[in-house]
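This report is for someone meeting the structure for the first time. Please look through the sequence and the model before reading on.

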Amino acid sequence: MTPAEQGGAMQARGMTFGRFLVEERRRTGDAGPVALLDDVARGVKEIAAAVSRGPVDGRQGDAASVNGQGERQKKLDVVANEIVLRSCEWGGHLAGLASEEMEAPHEVPAPYPRGEYLLVFDPLDGSSNVDVNVTVGTIFSVLRRPARAAGAPAEPFLQPGSRQVCAGYALYGPTTMLVVATAGGVNGFTLDRDLGEFVLTHPDLRVPEETREFAINASNERFWELPVRRYVDECRAGKTGPRGADFDMRWVGSMVADVHRILVRGGIFLYPRDTRKPDRPGKLRLLYEVAPMAFVVERAGGSASTGRERILDLEPTSLHERVPVVLGSRAEVERVERYHREHDHGARQAYRSPFFEEHALFRS
Ligand code: FBP
């Protein structure tokens, strides 16, 4: 490290999130998203406290309610959703908010001024893990309110991910982290509980290019399309297979935690299209899970795709739309895309999974 780099690294270490935002505002001249990120950070601290006190406060387990998609909510899903609404609706920067936990968008209530931006969020991603004390998180995305918005209340939110102004996520794990992707890059902050402030600990995150790790819920294998089976089989074949290298598989089951690992040490995350429900092309939701994470990963030099299209180019058709997702180290994502192309053009129609065929139960 040169002395200048050392100086930069030391400065980065002492940088609070507040100071980072002030410098971001100076750099961009745009106060709106910066103030909004400050509100998000305050909400994240409150959610972190609620999550860590969950069992003590009697907030473990299911709520009596279901969300707009008919999924049973956890008590902490409801609490986290309320916290984000309360933290962000009053500041005058938002025209509306939409989340996984609300069927329709939330309008900024009358006493508060309406602003230029929209916030889309998943208040507690991976919440099915929260009762077993596994890392969960909050995902968020900031969009500009379109100049003219006609039609249904969801309409202004239906923008391709490439139009996100900024995006990021919080992690509630051994430490509480806030990772933010802005025009300037991707930076990770850790909550210093003594100071009550986020401090820059992971400046300029870049997805490592070399990787020998993949993340997928392998229990769904029998429902995957052939290109995904081919990719996973080749990873599992290890040194003696076509990849000539041993791969590890990791699956936390909270997208935030799986994607964070990829940002820090590389890898690929897949929640691909499967045939479980023919009317559902994927499990994860485009607007508040997949697009923000794709934005973060691309800003950090990685890649994000459905296997056939770039995620950030997708035109959303509804608020809670689901899509397949493959994201992480660029070369691996490109390989999965190539396998899809080859399959779709008929080149690999005859592919058969050697592992799959081993299991008599699933033999075709
Ligand atoms: P929820 O928003 O309902 O928690 O679902 C999202 C998610 O938990 C992701 O965080 C995770 O990657 C995925 O679902 C895990 O799904 P599965 O349980 O099918 O492996």
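## Basis

The model is predicted: local features need pLDDT of at least 70, side-chain atom pairs count only at pLDDT 80 or more, and totals for chains, interfaces and linings use all residues. Residues are numbered from 1 along each chain as its sequence is written, and side-chain values use heavy atoms, with hydrogens and water left out.

Helices (H or I, at least four residues) and strands (E, at least two) are DSSP runs, numbered from the N terminus. Two strands count as paired if DSSP finds at least two bridges between them.

## The eight-stranded sheet

An open sheet of mixed pairing is formed by eight strands, in the order S4-S3-S5-S6-S7-S8-S9-S10. At its edges are strand S4 (106-107) and strand S10 (197-202), each of which pairs on one side only. Strand S8 (residues 176-182) and strand S9 (residues 185-192) run antiparallel and are joined by six bridges. Within this pair, Met177 is opposite Thr190 in S9.

Helix H4 (residues 75-88) lies across strand S3 (94-99), S4 and strand S5 (117-125). H4 runs at about 155° to S5, where angles run from 0 to 180 degrees between N-to-C directions and axes are lines fitted to C-alpha atoms, for helices over the stretch in contact (heavy atoms within 4.5 Å).

## The five-stranded sheet

Five strands make another open sheet with mixed pairing, in the order S12-S11-S13-S17-S15. Strand S12 (248-249) and strand S15 (303-305) are the edge strands, each pairing on one side only. Two bridges join strand S11 (residues 213-215) to S12, and these strands run parallel. Phe214 has Met249 in S12 as its bridge partner.

## Helices H6 and H7

Helix H6 (residues 255-265) packs against helix H7 (residues 286-299) at an angle of about 10°, with the axes 11 Å apart. H6 is therefore roughly parallel to H7 (angles under 35 degrees count as such). Met255, Val256, Val259 and Leu263 in H6 meet Glu289, Val290, Met293, Val296 and Val297 in H7.

## The ligand

Around the ligand are 16 residues (a heavy atom within 4 Å). Asp125, Asn217, Met255, Tyr271 and Lys283 come nearest.

The protein covers 84% of the 470 Å² of accessible area that the ligand has on its own (Shrake-Rupley method, 1.4 Å probe).

Technical notes: Parallel < 35°, antiparallel > 145°, perpendicular 65-115°, else oblique.
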